Amino acid sequence: MSILKKIIRWARIKSPWIIHFNTGACNACDIEIVAALTPRYDLERFGVIIKGTPRHADVLVCSGPVTLQTQDRLLRIYEQMPEPKFVVAVGTCACSGGVFQGCYSVRAGIDSILPVSVFIPGCPASPKAIIDGVVKLLDSLEDKPKKEMAPVLPKKELAQGNAT
Ligand code: SF4
């Protein structure tokens, strides 16, 4: 790997820029994301900065199930992000559709439309779980032996909405 690529990867891991999009959440997961970012839980200590435009973001943080109304906007936001980009699904609804699964206006979880790197279950997902998910994402971006990488949560566990 060239020096330039190493520097870019180091910068990405040390200061991931995120954008948050509510794809149809009830708002509780959004409040928890805000709580994780603000001084009490202080996600910024990991260099995480929230951005207002997808063109500057490395990580797309989604809350809520994908609704038919928001699916096109979600895709447009994702396509505007530069590569490499990562998606984090926050809350049981984002992981699997949750309580809205089967609703006439709901498609399913975020992974029905985008590749998701980290699933953070919970209704709502707690700030601690959100921080844990982001740290695991950053860990997985480093060159570590497989055994040290973040464990992937089993899909069955996600569907049951078990909070971490
Ligand atoms: S997981 Fe729970 S808190 Fe989060 S959007 Fe769904 S219903 Fe609301």
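Which residues point one way from strand 5, and which the other way?

**View 1. The side chains of strand 5 in the predicted model.** Phe86, Val88 and Val90 point one way from strand 5, whereas Val87 and Ala89 point the other way. In a regular strand, side chains alternate between the two faces of the sheet. Each of these residues, on either side of strand 5, is buried. Because five of the five residues of strand 5 (residues 86-90) are buried, this strand is largely enclosed by the rest of the structure.

**View 2. The neighbours of strand 5.** Strand 5 pairs with strand 3 (residues 59-63) in the parallel sense over five bridges. Within this pairing, Ser63 has Val90 of strand 5 as its bridge partner. Strand 5 also pairs with strand 7 (residues 118-120), again in the parallel sense, over three bridges. Here the bridge partner of Ala89 is Phe119 in strand 7.

View 3. Strands of a sheet pair through backbone hydrogen bonds, in either a parallel or an antiparallel manner.

View 4. Strand 1 (residues 17-22) pairs with strand 3 in the parallel sense over five bridges. In this pair, Ile18 has Val59 of strand 3 as its bridge partner.

**View 5. Helix 5 and its surroundings.** Helix 5 (residues 127-141) contains 15 residues and reaches 21 Å from its first C-alpha to its last, close to the 21 Å expected at 1.5 Å a residue. The buried residues of helix 5 include Pro127, Ile130, Val134, Leu138 and Leu141. The cover over the buried residues of helix 5 includes helix 1 (3-14), helix 2, strand 3, strand 5 and strand 7.

**View 6. The shell around the ligand.** Around the ligand are Ala25, Cys26, Ala28, Cys29, Thr92, Cys93, Gly122, Cys123 and Pro124. Helix 2 (28-37) and helix 4 (92-96) each supply at least two residues of this shell. Classified by residue type, the shell comprises seven nonpolar, two polar and no charged residues.

Definitions and conventions: Residues are numbered from 1 along each chain as its sequence is written. This is a predicted model: local features need pLDDT of at least 70, side-chain atom pairs count only at pLDDT 80 or more; totals for chains, interfaces and linings use all residues. Side-chain values use heavy atoms; hydrogens and water are left out. A residue is near a molecule or strand if one of its heavy atoms lies within 4 Å of it. Helices (H or I, at least four residues) and strands (E, at least two) are DSSP runs, numbered from the N terminus. Ala, Val, Leu, Ile, Met, Phe, Trp, Tyr, Cys and Pro count as nonpolar, Asp, Glu, Lys and Arg as charged, and the others, Gly among them, as polar. Buried means under 20% relative accessible area, exposed over 50%, partly exposed in between (1.4 Å probe, protein chains only). Two strands pair if DSSP finds at least two bridges between them. The expected span of a helix is 1.5 Å times one less than its number of residues. Contact means heavy atoms within 4.5 Å.
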